[in-house]
Amino acid sequence: YYFPSFAGIGKNGLRIEFGKKVTVIPNIDLGPVVQHVTFEGKVEKIGDSAFYGGRKLEEIELPDSVKEIGNMAFYGCEKLNSITFGPNLTKIGKSAFEGAKGLTGLVIPEQLEEIGEDAFKGCSGLKKVEVRGNLAKQSAAFMEAGTEGFEVIYGGNVTSIGNLFYNSAVKSIQIPEGVEEIQDNAFYECTNIKEIILPESIKSVGNSAFQGCSAVNRLRIES
């Protein structure tokens, strides 16, 4: 959906209110002027480019009903400082939060199934990312994120680690007992990682999983 009908309004900032019957948030071409957003109904999808270029948007509370965040939905929302993903979210699209420099922490919920390529690219302020579940489909999503280095913590329900952090600035990883597989290219060229500890539960480590992690000075293999 794309509705350029409101071009030119909100020069001094804009509050957008979505009523109870709105289930999909379209691209209304007002990203650059939006300051506040409220949702009254059971929104299921934040559409592609919905808040593209929202440089004034600092915070947004997504309804628990949201199942999908579209491609580039919050692209360029550089002041966005926090985002909470609800219990029904299953997909985050390509470049969904690319350039959201204000984000410092993320929790990837257990039920999430898919994260698109470059979803969090350029989120330079990131300090910590917690991954609570297995992703059925994922791509390198954190390139150029957390430029000073960030921490990755995997939850106890994670059994397989994919390439979500391929070629990223991750500096430390906590891999819990229960993880059985580290997939191909998982931490390829993550040049800030200094320590790798593999728990007893690990059964396989994929090709190039830690290739190019040149700063590693300690490797511990429990089993």
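Student: What makes Glu58, Glu59, Glu61 and Asp64 a negative surface patch?

Tutor: Glu58, Glu59, Glu61 and Asp64 form the patch, and Asp and Glu count as negative, as Lys and Arg count as positive, with His and the chain ends not counted. A patch takes residues with over 30% relative accessible area and no salt bridge, and like charges are joined within 9 Å. The place of a charge is CG of Asp or CD of Glu. This is a predicted model, in which local features need pLDDT of at least 70, side-chain atom pairs count only at pLDDT 80 or more, and totals for chains, interfaces and linings use all residues. Residues are numbered from 1 along each chain as its sequence is written, and side-chain values use heavy atoms, with hydrogens and water left out.

Student: Why is Glu61 called exposed?

Tutor: Exposed means over 50% relative accessible area, buried under 20%, and partly exposed in between (1.4 Å probe, protein chains only). Glu61 has 68% relative accessibility, so Glu61 counts as exposed. Glu61 lies in the loop between strand E4 (45-46) and strand E5 (68-69), where a strand is a DSSP run of E with at least two residues, numbered from the N terminus.

Student: Is Ala141 buried or exposed, and why?

Tutor: The relative accessible area of Ala141 is 0%, so Ala141 is buried. Ala141 is found in the loop between strand E10 (137-138) and strand E11 (150-154).

Student: Which residues are in contact with Ala141, leaving aside its neighbours within four places in sequence?

Tutor: Ala141 is in contact with Ile115, Gly116, Asp118, Ala119, Phe120, Lys121 and Leu164. Contact means heavy atoms within 4.5 Å.

Student: What makes Glu148 and Lys127 a salt bridge?

Tutor: A salt bridge is a side-chain nitrogen of Lys or Arg within 4 Å of a carboxyl oxygen of Asp or Glu. The closest N and O atoms of Glu148 and Lys127 are 3.1 Å apart, and the pair forms a salt bridge. Glu148 lies in the loop between E10 and E11 and Lys127 in the loop between strand E8 (114-115) and strand E9 (128-131), so the pair ties together parts that are 21 residues apart in sequence. Glu148 is exposed because its relative accessible area is 65%, whereas Lys127, at 43%, is partly exposed.

Student: How many salt bridges does a search of the whole structure find?

Tutor: The search finds 10 salt bridges. One of them joins the side chains of Arg220 and Glu222 (2.7 Å, N to O). Salt bridges that share partners also join Lys45, Glu68 and Lys91 into one network.

Terms used: Patch = residues over 30% accessible without salt bridge, like charges linked within 9 Å, V, L, I, M, F, W, Y side chains within 5 Å. Areas by Shrake-Rupley, 256 points an atom, 1.4 Å probe, with all protein chains shown as cover. Helix = DSSP H or I, 4+ residues; strand = E, 2+ residues; numbered from the N terminus.
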